[in-house]
Amino acid sequence: MKAHSQSRLAKGQIWKTRAAHIEIVALGKRLIHYRITKQMGLRKMSAQISGIEAMENYLKTNQARLVGGDSAN
């Protein structure tokens, strides 16, 4: 996956890694709210918060691919 920029992440996107699906719930200037589920469709997890840069690094390191949602804000 190419290097992420802040504009690549957007609310509603769903990223898939080998271990889990990550749904972006909300995106701020520096923080991102997201859900991680092991199976698509499970909504029992509450939203978690992380820095945008940390999430971008996580997605890159885990070779995530966009499987749902828009590719830009």
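In the protein chain of this predicted model, confidence is lowest in strand β5, residues 65-68, with a mean pLDDT of 91, and highest in helix α1, residues 52-61, at 95. pLDDT is the predictor's confidence in each residue, from 0 to 100. Helices (H or I, at least four residues) and strands (E, at least two) are DSSP runs, numbered from the N terminus. The chain as a whole averages a pLDDT of 82, and 74% of the residues score at least 70. Over residues 1-7 the pLDDT is below 50, yet beyond near neighbours in sequence this stretch has 19 contacts in the model, a contact being heavy atoms within 4.5 Å. Where pLDDT is low, the predicted coordinates should not be read in detail.

Some conventions. Residues are numbered from 1 along each chain as its sequence is written, and side-chain values use heavy atoms, with hydrogens and water left out. The model being predicted, local features need pLDDT of at least 70 and side-chain atom pairs count only at pLDDT 80 or more, while totals for chains, interfaces and linings use all residues.

Now the helix. Which residues of α1 are buried? They are I52, M55, E56 and L59, where buried means under 20% relative accessible area, exposed over 50% and partly exposed in between, with a 1.4 Å probe and protein chains only. These four cover an arc of only 100° around the axis, so they sit on the same side of α1; the arc is that of the directions from the helix axis to the C-beta atoms. An α-helix has 3.6 residues a turn, so residues three or four places apart point the same way. On the other side of α1, E53 and T61 are exposed. The cover over the buried residues of α1 includes β1 (14-16), β2 (21-27), β3 (31-37) and β4 (48-51). After α1 comes Q63, with a positive phi near 50°.

Next, the strands, which pair if DSSP finds at least two bridges between them. β2 and β3 run antiparallel, joined by six bridges, and a hairpin connects them through three residues. Within that pair, I24 stands opposite Y34 in β3. β3 and β4 are also antiparallel, with four bridges; L31 has G51 in β4 as its bridge partner. R35 lies in β3 and is partly exposed, at a relative accessible area of 23%.
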